[in-house]
Amino acid sequence: MARLNPFSKRPNTVAVVRLSGVIAAGSRGGLSDQGLAPLIEKAFRRGKPSAVALILNSPGGSPVQSALIGARIRRLAEEKNVPVYAFVEDVAASGGYWLAAAADEIYVDRSSIVGSIGVISAGFGAQDFIARHGIERRVHTAGKSKSMMDPFKPEKEEDVARLSGMLEQIHEVFIDHVKTRRGAKLADGEDLFTGEIWVGEKAIEAGLADAVGHLVPTMKEKFGEKVRFRRYEQRRSMWQRFGARITQDALAGLEERATYARFGL
C-alpha cells in the first residue's frame, strides 16, 4: 500500500469520493456501478493519489450493484497499490456497509449507524382491495412460477419458500464478503449477521468499524498536515436539476426516504 514519503517535497494527495444515496441500477437510485464507474476510475488513476477516501452515507439497496461497486474499488486499489479509507456519515447499512467493507479501514462518527447485514424483500398485497372494487386480475403465463409473488393475488406458501431461499443465498454472499474483508477484526461470540445495526463506538466494539474519525484530521494524521484533497462527486445534468424528470424523481425520492426511515433518519 502507498505510504507517506518523508523525503518527498510534493504534498500527498487524497482522492475523496462521495457515495451518498440508495444503491440501485439505472436512475432508480443515487448509486449504481454504471454511474459511479467513471468517478471511481478517475479517483484512482488521476495524479497518483496517496489514498482514496470514501465518504459514505447510504442505507443500502441492490446487492448486485453493491457488489459491483465494491469489486471495482478493490480491483483498482490492488492494481494501483492505493489504500482505501471509508468515513461513515449518518449511515452505512446493508449495501452501504458492503461498500464500507471494501475499504481497508472504516471510520465512523460517534452517532453513525452501521451494519444491517441482512437481505430484505418488501412488497404489498392488494388482492382484497381490487376485489372490493370489482376489479378482475387477469394473468396468463407460460411457466408456473412466472407470476410468483404477484401483489394482486394471494400469497402461496411455495412462492414464499422459494423467495426465502433466494434471500438466504444472497445473505450468505453478503456474510462471506464481510468475513473476507474484516476477518479477525470481527468480534467473537456475537452474531453480527442478523440484520442488527450498531451505533458509533458499539460498531467498533463489534469489529465492523476501526475507529471514530473524520476525513480531514484522520488523513492529516496519516499523510501530513499539507495533504491535499481532490474531491469527486456525482453531478446531475442541468436537464435533471430543473425538473425534466419530476415524476420519476419524486417517486425515487419517496422510495429513498422510506429506506432511510428504517434507520430513524
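Among contacts between residues at least 6 apart in sequence, what percentage join residues at least 24 apart? In this protein the value is 73%. The model is a predicted one. The protein has 265 residues, of which 41% count as buried, and its secondary structure consists of nine helices and eight strands.

Helix 1 covers residues 33–45. It has 13 residues and spans 17 Å from its first C-alpha to its last, close to the 18 Å expected at 1.5 Å a residue. The buried residues of this helix are D33, L36, A37, L39, I40, E41, A43 and F44. An α-helix has 3.6 residues a turn, so residues three or four places apart point the same way. The elements against which the buried residues of helix 1 pack are strand 1 (13–20), strand 2 (51–58), helix 2, strand 3 (84–93) and strand 8 (228–232).

Helix 2, at residues 63–80, is one of these partners; its axis comes within 10 Å of that of helix 1, and the two cross at roughly 15 degrees. Because angles under 35 degrees count as roughly parallel, helix 1 is described as roughly parallel to helix 2. The crossing of the two helices is right-handed. On the side of helix 1, the contact is made by D33, Q34, L36, A37, I40, E41, F44 and R45. On the side of helix 2, the residues are Q65, L68, I69, R72, I73, R75, L76, A77, E79 and K80. By class, the residues of this contact comprise nine nonpolar, two polar and seven charged. L36, A37, I40 and F44 are among the residues of helix 1 that meet helix 2, and these four are also among its buried residues.

Leaving out residues up to four places away in sequence, L39 touches V17, Y232, E233 and Q234.

Strand 1, which the buried residues of helix 1 pack against, includes T13. With a relative accessibility of 11%, T13 is buried. Apart from its neighbours within four places in sequence, T13 is in contact with P49, S50, A51, R228 and R230. Strand 2 is given as 51–58 and strand 8 as 228–232.

What follows helix 1? The next feature is G47, whose phi is positive, near 70 degrees. K48 lies in the loop between helix 1 and strand 2. Its phi is also positive, near 50 degrees, in a residue other than glycine. K48 has a relative accessible area of 77% and is therefore exposed.

The loop between helix 2 and strand 3 contains N81. This residue is not a glycine either, yet its phi is positive, at about 55 degrees. N81 has a relative accessibility of 42%, which means that it counts as partly exposed.

Notes: Residues are numbered from 1 along each chain as its sequence is written. This is a predicted model: local features need pLDDT of at least 70, side-chain atom pairs count only at pLDDT 80 or more; totals for chains, interfaces and linings use all residues. Side-chain values use heavy atoms; hydrogens and water are left out. Axes are lines fitted to C-alpha atoms, for helices over the stretch in contact, and angles run from 0 to 180 degrees between N-to-C directions. Angles under 35 degrees count as roughly parallel, over 145 as roughly antiparallel, 65 to 115 as roughly perpendicular and the rest as oblique. A crossing is left-handed if the near helix is turned anticlockwise from the far one by less than a right angle, and right-handed if clockwise. Contact means heavy atoms within 4.5 Å. Ala, Val, Leu, Ile, Met, Phe, Trp, Tyr, Cys and Pro count as nonpolar, Asp, Glu, Lys and Arg as charged, and the others, Gly among them, as polar. The expected span of a helix is 1.5 Å times one less than its number of residues. Buried means under 20% relative accessible area, exposed over 50%, partly exposed in between (1.4 Å probe, protein chains only).
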